[in-house]
Amino acid sequence: MTIDKSWTQIRKRSNSVVFWQGLQSFLQMAKPHVNDRGFIRCPCNRCINNAQHQLEVLETHIHRFGFMSDYNEWIYHGENVNAASSSNVPQPNSGVHDRDDMFEVLEDIISNDAEVDQLGSQSSNVQYDDLFTALNSELYPGVSSFSSLNFLVKLMHLKVMNKWTNKSFDELLKLLKLAFPKIDLVESHYEAKMLMTKMGLGYQSIHVCKNDCALFWNENSMSETCPVCSESRWKMQEGRRTGKNVPHKVLRYFPLAPRLKRLFATSKTAKLMRWHQAGKSTDDNVMRHPVDGRAWKDFDRKHPEFADDVRNVRLGLAADD
């Protein structure tokens, strides 16, 4: 008997009767195969059969994160592979919804951030709901090559690389929505920025004295004038403050620690962060990386405990003369 697996390819799961019915059938098939504690491998896009949970948690995870696309033969959940004809079993990769590469990014981020309790529920999942909604939304009806989130990330990357203004980005979004009325995209750069912040790509805006004396930060965060030169924090017109408080200068601070965590949270970049250990040159006369240099080797000799852990990060500081 052929098992209908087409429901696993549905992205808009929230209101899909077909997805719900398919999920219930899958859980019924898996029920006799739980272990003596009632646990079984979870094939959601986050656990990818590496974690075991109770069936109630499987139902929540699959509905929230989706069904892993490359799990074609359900050998851990009751499918008799020998009896299943490969020509009759639907392959998820051949459907209209290919696995979006943003799934891997979010899976790694969430698995790093989440604190999983004994039932497998996560306290930090709520903050990622908007991201998963965008990830599970088609950019445009019939388009499977991009999810809404994937397209937005690439669009924001283009903005940064080509130094588009926020206004030009807003105008582009308006044009896209006018040309493609059914496109699933944010309304403004502000909304896009808020979504990126949830992925750990945000920044803090810190006001700066116009004479670069001090930052309006920490104990000076509420000050109206510079603690050094007494210059007003805000721009003035004819000696008066403008209707809206506009600071003279703004420093955009990108916190370092969260970005380092993100680099180690994603499997691909985590490997690159440890490359210096495996990528050392065997030829003392060849320098391919700072690890081959004298300064790095001298630091290792002076701080052996730090050098022993390949995950430790060295920061190089540069300043103008």
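What you see is a predicted model, not an experimental one. The chain has 321 residues, and 35% of them are buried. It contains 12 helices and 7 strands. If we take the contacts with a separation of 6 or more, residues 24 or more positions apart account for 50% of them.

Now the cores. In soluble globular proteins, nonpolar side chains tend to be buried together. Here the largest nonpolar core has 19 residues. Leu149, Leu152, Phe169, Leu185, Leu195 and Met196 have the most contacts inside that core. Which elements give two or more residues to this core? They are helix 4, residues 129-135, helix 5, residues 148-161, helix 6, residues 166-179, and helix 7, residues 189-198. The largest share comes from helix 5, with 5 residues.

Take phenylalanine 169 from that core as an example. Leaving aside residues up to four places away in sequence, phenylalanine 169 touches Leu152, Leu155, Met156, Lys159, Trp164, His189 and Ala192. There is also a second, separate core of 18 residues, which includes Phe19, Ile40, Phe65 and Tyr71.

Next, the rings. The structure holds 13 aromatic pairs. A pair of aromatic rings is described by the distance of the centres and the angle of the planes. Start with tryptophan 7 and phenylalanine 19: their ring centres are 5.4 Å apart and their planes are at 70°, so this pair is edge-to-face. Planes over 60 degrees apart count as edge-to-face. The two residues are 12 apart in the chain, with tryptophan 7 in the segment before helix 1, residues 17-30, and phenylalanine 19 in helix 1. Are these two buried or exposed? Both tryptophan 7 and phenylalanine 19 are buried.

Compare phenylalanine 299 and phenylalanine 306. They also form an edge-to-face pair, 5.5 Å centre to centre with 85° between the planes. Phenylalanine 299, however, is partly exposed, at a relative accessible area of 32%. Phenylalanine 306 is partly exposed as well, at 28%.

Back to tryptophan 7. One aromatic cluster is formed by Trp7, Phe19, Phe26, Phe67, Tyr71, Trp74 and Tyr76. The charged end of lysine 5 sits over the ring of tryptophan 74, 4.8 Å from its centre. Over the ring of tyrosine 76 sits the charged end of arginine 41, 4.4 Å from the ring centre.

Terms used. Residues are numbered from 1 along each chain as its sequence is written. This is a predicted model: local features need pLDDT of at least 70, side-chain atom pairs count only at pLDDT 80 or more; totals for chains, interfaces and linings use all residues. Side-chain values use heavy atoms; hydrogens and water are left out. A nonpolar core is a set of buried Ala, Val, Leu, Ile, Met, Phe, Trp, Tyr and Cys residues joined through side-chain atoms within 4.5 Å. Buried means under 20% relative accessible area, exposed over 50%, partly exposed in between (1.4 Å probe, protein chains only). Helices (H or I, at least four residues) and strands (E, at least two) are DSSP runs, numbered from the N terminus. Contact means heavy atoms within 4.5 Å. Rings of Phe, Tyr and Trp (its six-membered ring) pair if their centres lie within 6.5 Å; planes under 30 degrees apart count as stacked, over 60 as edge-to-face and the rest as tilted. A charge sits over a ring if NZ of Lys or CZ of Arg is within 6 Å of the ring centre and within 35 degrees of the ring normal.
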